[in-house]
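Here is a note for a colleague who will have the model open while reading. The points take up helices, a hairpin and charged pairs in turn.

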Amino acid sequence: MGGVVASASVMADRRSPAVQAIDKGIGLEAENALDKKFGDSAHINVSSFNQKVLLTGEVKDAGIKEQASAYVKANKNVRSVFNELVIGPNSTYTVRANDSYLESKIKTQMIFTDKLPSNSMVIIAEGSSVYLMGILTQNEAEMAKKIASNTNGVKDVYAYFDIISEAEKARLEKQGKADESQLSPASKQ
């Protein structure tokens with residue numbers, strides 16, 4: 001049963017399965033390495049989508065902020081890095097819990113919004129600011145930004161989308177359906 005759910009999740013995403021795996025690897029490797037390198041001097045979250053990396057969290061000083069960015073940029077699989085690290089004390093459990101709540105609230109709204117492919121984007125909340133990354137058409141991007149902006153408790157919204165045409169959207173959806181039909185027999189095992 002888990003294989004069926006995982007396959008459906010993979011196919012709804014506009015990234016290829018290979019890029020999804022690369023993104024997962026970038027995030028895990030960078031977050032572990034940065035945590036090991038900076039310890040309690042930083043609280044760094046690494047989010048990767050379509051090989052674009054967003055760094056959020058808090059660092060003790062500007063040097064750590066720059067080192068973290070340089071480390072991630074050095075990864076051969078990373079296309080670009082958006083460094084939104086804040087210089088200051090590490091966030092509290094309460095702030096992080098509020099951010100998780102904001103993320104889930106926005107994700108839920110997007111899931112139930114027609115014509116918005118919520119699996120083709122990632123939503124990150126940090127200190128009441130919301131960061132959106134994904135592969136969307138211009139109309140979808142505007143819809144996503146509006147939903148996030150109108151969510152109670154959100155201070156700012158930053159969007160780092162790869163904007164695609166309607167033709168590219170149709171091609172990716174057609175490709176996703178072809179990939180899904182190839183995976184279906186394996187997922188039933």
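1. Terms and basis. The expected span of a helix is taken as 1.5 Å times one less than its number of residues, and helices (H or I, at least four residues) and strands (E, at least two) are DSSP runs, numbered from the N terminus. The model is predicted, so that local features need pLDDT of at least 70 and side-chain atom pairs count only at pLDDT 80 or more, whereas totals for chains, interfaces and linings use all residues. Residues are numbered from 1 along each chain as its sequence is written, and side-chain values use heavy atoms, with hydrogens and water left out.

2. Helix α3. Spanning residues 62-73, α3 has 12 residues and reaches 17 Å from its first C-alpha to its last, close to the 16 Å expected at 1.5 Å a residue. At its start, a side-chain oxygen of Asp61 comes to within 3.0 Å of the backbone nitrogen of Gly63, which may be read as a polar contact (a pair of N or O atoms within 3.5 Å; within protein, one must be able to donate a hydrogen and the other to accept it, and residues adjacent in sequence count only if both atoms are side-chain atoms).

3. The two sides of α3. Here buried means under 20% relative accessible area, exposed over 50%, and partly exposed in between (1.4 Å probe, protein chains only). The buried residues of α3 are Ile64, Ala68, Ser69 and Val72. They lie on the same side of α3 because they cover an arc of only 135 degrees around the axis, the arc being that of the directions from the helix axis to the C-beta atoms. Glu66 and Lys73, on the other side of α3, are exposed. The buried residues pack against α2 (17-38), β1, β2 and β3 (80-83), where contact means heavy atoms within 4.5 Å.

4. The β1-β2 hairpin. Two of those packing partners, β1 and β2, form a hairpin with 2 residues between them, and Asn50 in the turn has a positive phi of about 55 degrees. The strands β1 and β2 (residues 52-59) run antiparallel and are joined by 8 bridges; two strands pair if DSSP finds at least two bridges between them. Ala42 stands opposite Val59 in β2. Strand β1 (residues 42-49) is mostly covered, with 7 of its 8 residues buried.

5. Helix α4. This helix (residues 93-111) has 19 residues and reaches 27 Å from its first C-alpha to its last, close to the 27 Å expected at 1.5 Å a residue. Which of its residues are buried? In α4 these are Asp99, Leu102, Glu103, Ile106 and Met110. They cover an arc of only 100 degrees around the axis, which puts them on the same side of α4. The face turned away from that buried side carries the exposed residues Tyr93, Thr94 and Ile111.

6. What covers α4. The cover of the buried residues of α4 includes β5 (121-126), β6 (129-136) and α5. Ile147 lies in helix α5 and is buried, with a relative accessible area of 12%. Leaving aside its neighbours within four places in sequence, Ile147 is in contact with Gln109, Met110, Thr113 and Leu116. The C-alpha atoms of Ile147 and Lys107, 40 residues apart along the chain, are separated by 9.5 Å.

7. Salt bridges around Arg15. A search of the whole structure finds 10 salt bridges, a salt bridge being a side-chain nitrogen of Lys or Arg within 4 Å of a carboxyl oxygen of Asp or Glu. Arg15 meets Asp13 in one of them (2.5 Å, N to O), and Arg15 also forms one with Asp23, the closest N and O atoms being 2.6 Å apart. Arg15 is buried at 13% relative accessible area, Asp13 is buried at 8%, and Asp23 is buried too.

8. The side chains of Lys145 and Glu142 meet in a salt bridge (3.2 Å, N to O); being 3 residues apart in helix α5 (residues 138-149), they are separated by about one helical turn. Lys145 is partly exposed at 28% relative accessibility, as is Glu142 at 39%. Salt bridges that share partners also join Arg14, Glu140, Glu166, Lys169 and Glu173 into one network. Of these, Lys169 lies in helix α6 (residues 166-187) and counts as buried at 19% relative accessibility. Apart from neighbours within four places in sequence, Lys169 is in contact with Arg14, Thr137, Glu140 and Ile164.
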